[in-house]
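Good morning, colleagues. I would ask you to keep the sequence and the structure in view while I speak.

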Amino acid sequence: MTKVYAMRFFPGLKCLCGGVSSYISRKVSPVCGRLWAGQWMRSCSRTSQIMKEGNQDSIMLKHLISKIKSTGPISVAEYMREVLTNPVTGYYQHRDVLGPQGDFITSPEISQIFGELLGVWCISEWMAAGKPKTFQLVELGPGRGTLASDALRVFSQLNSVLKESEISVHLVEVSPKLGEVQAQLLTEGEQHLRHDPNAAIYKTGTTKTGLPISWYKDLQDVPRGFSFYIAHEFFDVLPIHKFQKTKHGWREVLIDIEPSSPEKLRFVLAPHATLASKTLIQRDDERDHIEICPEAGIIVQNLASRITEDGGAALIADYGHNGTKTDTFRGFRGHQQHDVLTTPGTADLTADVDFSYLRQMTKGKVTSLGPIPQHEFLKNMGIDVRLQVLLRNTSDPATSTGLIDAYDMIMNPEKMGNRFKFFALLPCDRLISSNDTRSKKHGPTAPPVAGFSELQL
């Protein structure tokens, strides 16, 4: 990173680091909601929840079996869609799935620094774009709202930089339960919001920091405008189609009823080419098994169109690969891997994101960067500097231990540091160099993109 850009980028980070010591001290105290490394690694008592899940499992399984009996074997994509987002018994619809009593944990829940640095990333790109008067922060699949909360705290603390800007927050969330959790954290509560369940904008209000905030079930309904789109562990739960290479060509993997046990499900191969295998597989592949997520392709094309026409950028963080992996479809329940066909509706279903597919879907429309490992992105963003500031501002040994454990969990390559990747979509002219003849009309050389360039102090 050039010295000029370091000077532009780090005043904001310095301000951030210097202005939150007392708040951070309360944030990581043993009574706070932030998860400590030890907390989410312990097993939890989930007896009552398991009883409820048993009932939901029975309903979902009966629904799937009835569906298969009526129409024949279903695709993995249809199975995922039903299990995760069925409005009656879908996994995400009526429960808070995150945290020590949920089924999985995410980086924003482990360390507040994660969300803070993504907030700084947005401000950095806003500055690189010439500080537009208005911008939207759009998060896809906001979880419990923790990432947005930490990012918005950064916006508030850097008000001296953003004071002339009109900022609004837009959350794309299909789960009513998680929408309630987000509202509780980000606003003064559900009772202070305006609700219209049947409208495209089904909930609106004001954040605790005074910004307008709205909820949507579909990205298509989010207003157009200069925006920063954040998608953290969002693409991995979108429905995938699975394909197996055979001597007769590609055959789709389907889900059917187990003949010897009619209350169980099994994987089968389609006897003939399906519509999905004919239309989704665009090129020959050396792998013998591939997974394709057409919904991910549609969403990134939507993002690319918005960025091209309205400006802004998208930052995607997820576990994934660059077109090299094969069978990654799996389930998680109680922080343990779970058979994807057992007790459907009681476990999270997920598959690694194919970043090469996302790049292919946006080629020629926007510039893409990454994927790069999470530990590399966060290090480039200055996580070590931020951690040291927090450690200097606490005298409590337990708080210091919690901060260090959280840092290790999200940065250690053997833990989450290498497993998760960062991928960015930017306007095509974002990276124009001074050697490009087109750059003359854009002024000086564009600064490097924070997080994707090595930080030099």
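Let me begin with a convention: two strands pair if DSSP finds at least two bridges between them. Helices (H or I, at least four residues) and strands (E, at least two) are themselves DSSP runs, numbered from the N terminus. The model is a predicted one, in which local features need pLDDT of at least 70 and side-chain atom pairs count only at pLDDT 80 or more, while totals for chains, interfaces and linings use all residues. Residues are numbered from 1 along each chain as its sequence is written, and side-chain values use heavy atoms, with hydrogens and water left out.

I turn to strand β18, residues 420–426. Which strands are joined to β18 by bridges? Strand β12 (residues 312–321) runs antiparallel to β18 and is joined to it by six bridges; here Ile-316 stands opposite Phe-423. Strand β17 (residues 367–373) is also antiparallel to β18, with five bridges, and Leu-369 has Ala-424 of β18 as its bridge partner.

Is β18 mostly covered or mostly uncovered? Seven of its seven residues are buried, that is, under 20% relative accessible area, where exposed is over 50% and partly exposed lies in between (1.4 Å probe, protein chains only). In a regular strand the side chains alternate between the two faces of the sheet. In β18, Phe-420, Phe-422, Ala-424 and Leu-426 point one way, and Lys-421, Phe-423 and Leu-425 point the other way.

Phe-420 leads us to Glu-233, with which it is in contact (heavy atoms within 4.5 Å). Glu-233 is located in the loop between β7 (227–232) and β8 (241–246). Because its relative accessibility is 14%, Glu-233 counts as buried. Leaving aside neighbours within four places in sequence, its contacts also include Ile-105, Thr-106, Ala-317, Asp-318 and Tyr-319. The C-alpha atoms of Glu-233 and Thr-350 are separated by 9.6 Å, although these residues are 117 apart along the chain.

Finally, the helices. Helix α5 (residues 76–85) is mostly covered, with seven of its 10 residues buried; among them are Val-76, Tyr-79, Glu-82 and Val-83. Helix α12 (residues 294–310) meets helix α13 (residues 355–362) through residues including Val-300 and Ala-304 in α12 and Tyr-357 and Met-361 in α13. The residues of this contact divide into seven nonpolar, three polar and no charged, where Ala, Val, Leu, Ile, Met, Phe, Trp, Tyr, Cys and Pro count as nonpolar, Asp, Glu, Lys and Arg as charged, and the others, Gly among them, as polar.
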